[in-house]
Amino acid sequence: MASHIVGYPRMGPKRELKFALESFWDGKSTAEDLQKVSADLRSSIWKQMSAAGTKFIPSNTFAHYDQVLDTTAMLGAVPPRYGYTGGEIGLDVYFSMARGNASVPAMEMTKWFDTNYHYIVPELGPEVNFSYASHKAVNEYKEAKALGVDTVPVLVGPVSYLLLSKAAKGVGKSFDLLSLLPKILPIYKEVITELKAAGATWIQLDEPVLVMDLEGHKLQAFTGAYAELESTLSGLNVLVETYFADIPAEAYKTLTSLKGVTAFGFDLVRGTKTLDLVKAGFPEGKYLFAGVVDGRNIWANDFAASLSTLQALEGIVGKDKLVVSTSCSLLHTAVDLINETKLDDEIKSWLAFAAQKVVEVNALAKALAGQKDEALFSANAAALASRRSSPRVTNEGVQKAAAALKGSDHRRATNVSARLDAQQKKLNLPILPTTTIGSFPQTVELRRVRREYKAKKVSEEDYVKAIKEEIKKVVDLQEELDIDVLVHGEPERNDMVEYFGEQLSGFAFTANGWVQSYGSRCVKPPVIYGDVSRPKAMTVFWSAMAQSMTSRPMKGMLTGPVTILNWSFVRNDQPRHETCYQIALAIKDEVEDLEKGGIGVIQIDEAALREGLPLRKSEHAFYLDWAVHSFRITNCGVQDSTQIHTHMCYSHFNDIIHSIIDMDADVITIENSRSDEKLLSVFREGVKYGAGIGPGVYDIHSPRIPSSEEIADRVNKMLAVLEQNILWVNPDCGLKTRKYTEVKPALKNMVDAAKLIRSQLASAK
């Protein structure tokens, strides 16, 4: 009986790591304090897995920021700007790479495949001087061993590491990252040799890029790299783990013939077609790690279905060569259902968080070995049956309305240039209009008021008064800074998805269902368990109140349907696009109510549109079609003079620019300040874009305050490729996580830069 967990959440059941990190960053605690919290978390995770009967327990999946950054540290690949001079990399250099410091910016952060997790992108080139500079993998293995737990050390595999990197600034576009393999493999050999010496018998190399569309030379790089590692790996059992999608047939062939590898891990939740490849042929005598428990959702496993999949696989690979596993690391799911005291029992019975998934994996492994826990299996079957038949899940009216969408593609009546003219007549904005993305800093006091109102310790009247004062403060500040299009600052909102989900039917909320997004930042995705509808207006009260405080345009602020979908745990009993259309209809009602309430500019954020893009190109068109259609549904009914904005984050826009144009928003603002050039190159290459566009002019993810010269310089670069009559000037994301002492000077510099360039453009005329 064998069970395996690919990886486990690091934050802790109550976000212990988050608080320890932030306390350390604020100088309120020492490195020792941080290391103690980390060690306690690791030890409790290892012991919990061990107690559940897990045979293959991972180590080195813990990270203080990110596992790819850990690999960068292991390889000593520190960009020169951080002043690293050799030796074991300490927390100061590590966190400078992750977050920047007073004098230099952070490394770029981007999405980890199609999840909501972000990794720190390595910056590589021919000049990088690799060296074995972080012994974390070996230290953690020894740490677990000292606790009596023999673990499987996990490393990001060498080929995936390089393919997930980018060429450093100043390195030519044509630079082949894979040409660095001969430089990094010697370090992998050192690490593996030390792990063997420390007593490791298994090692896990994560090579998730194998599920992507890879050209032949990239697949050959795997063959070459593992042939090179073969002698070092001998004497070890080696698992190469893949996840997040089907593995293409060519890649499967390459993977299963790698030298020195004894086991292969597959995601059988998102990779159902991989089963066919295994059935068609699996190498004799090798282990199959079958990822049947979903690492990316919170639904309880269907034991009966999983068991029949496992039994079929057992017939192919042999009883002693099949290991029950998770589909991917449990990093992407919530930590422990035991901390959910507010969820009702029915919904709770349908769920499993990371701790429960460890139990599920082990229950399946036991059942496979003929020790089935009948009580557990029948409880599982009963919970699944109750979910299928629950009246809370189905709403006929919503089903009908969504079905009726099929006939139209929901476009606005006129084209964008005619609409922009109508809007300008009404709004009368200067060229290079300034705005912000939506949220303003959330002070301790503000969070306290919201928390006390939720706990019914503050009356509704006092709550409304407190929020109204906060909105007034934000409006006055923006007027004083002379910003053109204002926002109300979103003081009433905890989170851009949760706030809406709490007011829509079909959503449930957890108290501690936190998932790491990046660094110490966690999100708490809502659970969409049933059909979605909007019982009553959600934002009109606050937006209308804010508009009454100013004569300048006030943006209504909504989260778009695709983002609500992609940032939630979504029901797995109907296709995702059907759920998305239901959410779009709910947001459409809200857009039309805002317009009726006198709001002439409405922003519908689609921060997560790009991140829902499937990993395989063959599936892109279908996704983009329904995602963009869902966005258009929300605003197809408004007047020409109502200006629809959208905001997008972290996008590699270049490959989806035509879909973005097809969204047909009037103005789009873009989070791009960590990768300016990439974004602008799209427009330089002649893509015609006629709507308003605001590429972020400074990075809000860093505490650094940019000067007005720096911002003006950025705007001028944008003007080199974009028409001045469509360019907007704005930060790259909401300001919620920043402090007012950072926000005020940064926004002042931003407005000064816009005014400076306006006057230069006017005098040039």
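User: Among contacts in the protein between residues at least 6 apart in sequence, what share joins residues at least 24 apart?

Analyst: This is a predicted model, in which local features need pLDDT of at least 70 and side-chain atom pairs count only at pLDDT 80 or more, while totals for chains, interfaces and linings use all residues. Residues are numbered from 1 along each chain as its sequence is written, and side-chain values use heavy atoms, with hydrogens and water left out. A contact means heavy atoms within 4.5 Å. Among contacts between residues at least 6 apart in sequence, the share joining residues at least 24 apart is 79%.

User: What radius of gyration does the protein have, against that of a compact globule?

Analyst: The radius is taken over C-alpha atoms, and the globule rule is 2.2 Å times the number of residues to the power 0.38. The C-alpha trace spans about 75 × 60 × 50 Å along its principal axes. For 765 residues the rule gives a value near 27 Å, which agrees with the protein's 26 Å.

User: How many helices and strands are in the protein?

Analyst: Both are DSSP runs, numbered from the N terminus: helices are H or I with at least four residues, strands are E with at least two. The counts are 27 helices and 21 strands.

User: What percentage of the residues of the protein count as buried?

Analyst: Buried means under 20% relative accessible area, exposed over 50%, and partly exposed in between, with a 1.4 Å probe and protein chains only. Of the 765 residues, the buried part is 62%.

User: How far apart are the centres of the positive and negative side chains?

Analyst: Lys and Arg count as positive, Asp and Glu as negative; His and the chain ends are not counted. Each charge is placed at NZ of Lys, CZ of Arg, CG of Asp or CD of Glu. There are 87 positive and 94 negative side chains, and the two centres are separated by 1 Å.

User: Which residues does valine 715 contact, leaving aside neighbours within four places in sequence?

Analyst: Val715 is among the residues that touch the most other members of the largest core. Beyond its sequence neighbours, the contacts of valine 715 are Leu432, Val697, Leu727, Val729 and Ile757.

User: Where is leucine 432 found?

Analyst: Leucine 432 is buried because its relative accessibility is 0%. Its phi is near 50 degrees, positive in a residue other than glycine. Most residues other than glycine have a negative phi. Leucine 432 is found in the loop between H16 and helix H17 (444-454).

User: Is histidine 410 buried or exposed?

Analyst: Histidine 410 sits in the loop between helix H15 (396-403) and helix H16 (416-427). Its phi is also positive, near 55 degrees. At 14% relative accessibility, histidine 410 counts as buried.

User: Why is helix H3 largely enclosed by the rest of the structure?

Analyst: The buried residues of H3 pack against helix H4 (91-99), strand S3 (118-120), helix H5 (136-146), strand S5 (151-156), helix H6 (158-163) and helix H7 (181-198). H3 (residues 67-74) is largely enclosed because its buried residues number 8 of the 8.

User: What is the relative accessible area of arginine 81?

Analyst: Arginine 81 is found in the loop between H3 and H4. It touches Val104, Pro105, Ala106, Met107 and Glu123, not counting residues up to four places away in sequence. Arginine 81 is partly exposed, with a relative accessible area of 32%.

Terms used
Core = buried A, V, L, I, M, F, W, Y, C linked by side-chain atoms within 4.5 Å.
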